[in-house]
Amino acid sequence: MLREEYNPEQPLIMHIDLNSCFATVEQQARPQLRDRPVAVVNRRTESTAIVTASYEAKAHGIGVGMKVKEALKLCPGLAILESDPPKYRYVYHKMLGIMKDYSAHITMKSIDEGIIDFTQTSEAIRSRGLADIGMEIKHRLKSEIGCAMRCNVGIAPNRFLAKTAAGLHKPDGLDEITHENLRATLATLKLTDLTGIASRNEKRLNSVGIYTPIQFLDADTVTLKKIVFKSVVGEWWHQRLRGYEVDDVARTMKTVGRQYVLESHSLPRPVILQRLHHLCESVGGRMRSQGKVARGVFVYAKSYDYGYWHARHMNEVPFFSNQAIYAQAALLFAGAPSGKLKEIGVTCYELEDGLGDQLSLFGDQLAREQQVTSAIDEINQRFGERAIHAAHTLAKGAFLQPKIPFGSTRYL
Amino acid sequence: MNDEIFLNERVVVEVLFEEGLNICRPLRFRRPNGREVEVTELGLRHPSNNGLKTMHIFDVTDGGTDYRLEFDSERLTWYLTREADHYAA
């Protein structure tokens with residue numbers, strides 16, 4: 001049922017966001033970098049893109065995705081650091097531990113942001129007031145991780161508005177959006193300040209005369225559903241903006257993939273195939289760590305001359321081993337355009353749980369492959385990643401270091 | 001850019017084990033060249049796992065230079081693995 005009034009319920013959703021997370025953690029770990037512009041990259045080369053910039057770097061106009069070369073032009077004193085996943089993973093688990101002290105209903109949206117749902121917590125906790133709890137969490141981050149740690153806290157009746165509130169006063173804010181200040185708060189924002197509204201959706205909204213979040217809020221459902229979003233998404237936006245929950249949806253794992261920007265555009269094809277093989281090993285490990293098998297492989301390449309190329313293949317029988325993934329990926333990759341490549345990627349899709357019960361003509365072979373793969377995974381868990389791997393990818397570890405995936409906390 | 005130096009120096013470390021949030025805190029360490037470094041702040045301590053083996057990483061500073069000390073919990077050895085005393089100004 002669509003509701004026109006703003007949600008008058010007590011705000012019980014708290015969004016916690018460690019903005020510029022990796023850079024903040026680096027500044028915490030390295031005191032000489034505090035108050036200085038810092039950028040974190042996945043590989044220390046001039047052509048690599050920045051993964052996180054500190055607030056001091058952002059003040060120079062440096063942002064996520066900018067090439068290091070361009071960033072150094074804007075700020076020659078920029079300290080460039082290579083990402084250090086164990087460090088960020090540690091901070092993530094500390095933050096998660098703190099959040100779990102307040103509610104059993106925690107959703108981590110990514111490595112640096114999470115949601116605490118207080119709707120089912122005890123009256124004793126709720127009666128303290130969420131603003132008070134938010135201040136306590138900020139204090140605990142500083143005392144339990146380090147004095148340079150800062151976070152934004154947003155409180156609202158639903159997840160969307162809580163995230164919006166968390167973005168109001170970066171880098172150390174605490175804001176609450178209720179039905180009483182909803183209009184006044186949205187009036188201070190641009191359309192693209194709203195999570196989920198980027199340039200494409202902005203254009204759609206502009207096409208019906210919606211230029212501000214207030215106009216968006218006042219838009220009727222029919223316009224949003226039939227004209228702007230042309231689907232039920234329009235109704236979701238109508239409810240979301242009014243503070244009703246539409247985003248509390250568990251997301252299932254549909255694909256697992258990894259991509260790699262080649263360290264040089266003049267790499268010969270056999271070397272690129274080694275990198276592809278290494279990607280397949282990484283994807284296979286991640287997939288099996290979640291107890292999944294796949295039926296499809298998708299491979300892409302970005303070329304300097306031919307742009308984007310991709311190919312995919314669906315298998316009748318599910319597969320799971322690194323060798324099986326690479327065999328299919330390499331076959332597909334044979335059709336990749338010749339010439340200079342700058343990026344490659346491989347994704348497994350049509351994921352299923354385990355091996356399933358379906359009997360196959362290759363049952364014995366599959367069982368043997370599963371046993372060998374499980375044994376290798378166990379050895380790697382005991383003695384470290386890549387203790388055993390394909391000879392083809394020997395000594396290639398330096399190029400494809402494990403990195404923190406964005407938007408997923410599955411592998412943390 | 002960052003003028004970080006990667007090292008693999010075995011060091012002698014004086015450590016304080018105490019109660020509280022930082023239960024293990026390096027106080028000073030001596031490098032193979034005999035130079036002693038007084039730790040003024042522990043920036044962050046975090047574990048790093050390689051299989052079942054855990055290394056404890058201590059990012060510390062003497063007030064002018066940042067250092068990374070690594071404690072191998074299996075062999076009970078300390079190594080100085082990074083030094084960064086000249087971040088680009």
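The contact between the two chains draws 19 residues from chain B and 22 residues from chain A, two residues being in contact if their C-beta atoms, placed from the backbone, lie within 7 Å. On the side of chain B that touches chain A, the elements giving two or more residues are β5 (41–50) and β6 (53–61) of chain B; strands (E, at least two residues) and helices (H or I, at least four) are DSSP runs, numbered from the N terminus. β5(B) supplies the largest share of this side, 7 residues. By class, the side of chain B that touches chain A holds 9 nonpolar, 7 polar and 3 charged residues, where Ala, Val, Leu, Ile, Met, Phe, Trp, Tyr, Cys and Pro count as nonpolar, Asp, Glu, Lys and Arg as charged, and the others, Gly among them, as polar.

The structure is a predicted model, in which local features need pLDDT of at least 70 and side-chain atom pairs count only at pLDDT 80 or more, whereas totals for chains, interfaces and linings use all residues. Residues are numbered from 1 along each chain as its sequence is written, and chains are lettered from A and ligands numbered from 1 in the order in which they are written. The model scores ipTM 0.92 and pTM 0.85. Chain B averages a pLDDT (the predictor's confidence in each residue, from 0 to 100) of 90, and 93% of the residues score at least 70. Among the elements of chain B, the mean pLDDT is lowest for β5(B), at 93, and highest for β4(B), at 97.

Chain B contains an open sheet of 3 strands in the order β2-β3-β4, with antiparallel pairing; two strands pair if DSSP finds at least two bridges between them. Because β2 (12–17) and β4 (36–38) of chain B stand at the edges, each with a single partner strand, one side of each is left without a neighbour in the sheet. Neighbouring strands of this sheet are turned by 30 degrees against each other on average, direction ignored. β2(B) and β3 (residues 24–30) of chain B run antiparallel and are joined by 6 bridges. Within this sheet, F17(B) stands opposite C24(B) in β3(B).

In chain A, the axes of helix α11 (residues 221–228) and helix α12 (residues 233–241) come within 7 Å and cross at roughly 145 degrees. Axes are lines fitted to C-alpha atoms, for helices over the stretch in contact, and angles run from 0 to 180 degrees between N-to-C directions. T221(A), L224(A), K225(A) and V228(A) of α11(A) make the contact with G234(A), E235(A), W237(A) and H238(A) of α12(A). These residues divide into 3 nonpolar, 3 polar and 2 charged.
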